Amino acid sequence: MAYARATVERTLTAVFDPDAAYGMKNETAPDADMPRGQVDKKKAGNFLVHLADVRRGWGTADLTLDERRAALMRYGYDWTYEEIGALLGAHKSTIQRRAEKCVGKLAAHLNGEKYVDGYDQLTDELT
């Protein structure tokens, strides 16, 4: 399963909540008032798989403490970059860069790929 940055970012909001998987509505489940309704298991969501993988990746990926802090406060606490920057004594753009780098590193780790920080390094590696 390939993990896009957007998938990791959406899943990070639930990673820090131990009850995130409970009480979630299954969009493919039949209505409660339907007798003998069937669920199409091929169309069921894979959010729980993503949640388990990203939780595992959070503990095993090579993330710095600053990246972890920025991502936790942004996605776990839903704070703005300005609020995080004020607390940590850093500029908004620095916090945003740290959070985005965390998401990128997690996606690369989950995909079994090497993380490349920026397009300039990517072109240097290709030449």
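Tutor: Start with Lys105, which lies in helix α5. The model is predicted, so local features need pLDDT of at least 70 and side-chain atom pairs count only at pLDDT 80 or more, while totals for chains, interfaces and linings use all residues. Residues are numbered from 1 along each chain as its sequence is written, and side-chain values use heavy atoms, with hydrogens and water left out.

Student: Is Lys105 buried or exposed?

Tutor: Lys105 counts as buried, because its relative accessibility is 15%. Buried means under 20% relative accessible area and exposed means over 50%, with partly exposed in between (1.4 Å probe, protein chains only).

Student: What is Lys105 in contact with, leaving aside neighbours within four places in sequence?

Tutor: Asp62, Leu63, Thr64, Glu67 and Tyr115. Contact means heavy atoms within 4.5 Å.

Student: New topic, α2. Which of its residues are buried?

Tutor: His50, Leu51, Val54, Gly57 and Trp58. Seen down the axis of α2, they fall within an arc of 135°, so they line one face of the helix. The arc is that of the directions from the helix axis to the C-beta atoms.

Student: And which exposed residues are on the face turned away from that buried side?

Tutor: That face of α2 carries Leu48, Arg56 and Gly59.

Student: What covers the buried residues of α2?

Tutor: The cover includes α1 (5–15), α3 (65–76) and α5.

Student: Which residues of α2 and α5 make the contact between them?

Tutor: First, the axes of α2 (residues 47–60) and α5 (residues 92–111) come within 10 Å and cross at roughly 105°. The contact is made by Asp53, Val54, Gly57, Trp58 and Thr60 of α2, with Cys102, Leu106, His109 and Leu110 of α5.

Conventions
Axes are lines fitted to C-alpha atoms, for helices over the stretch in contact, and angles run from 0 to 180 degrees between N-to-C directions. Helices (H or I, at least four residues) and strands (E, at least two) are DSSP runs, numbered from the N terminus.
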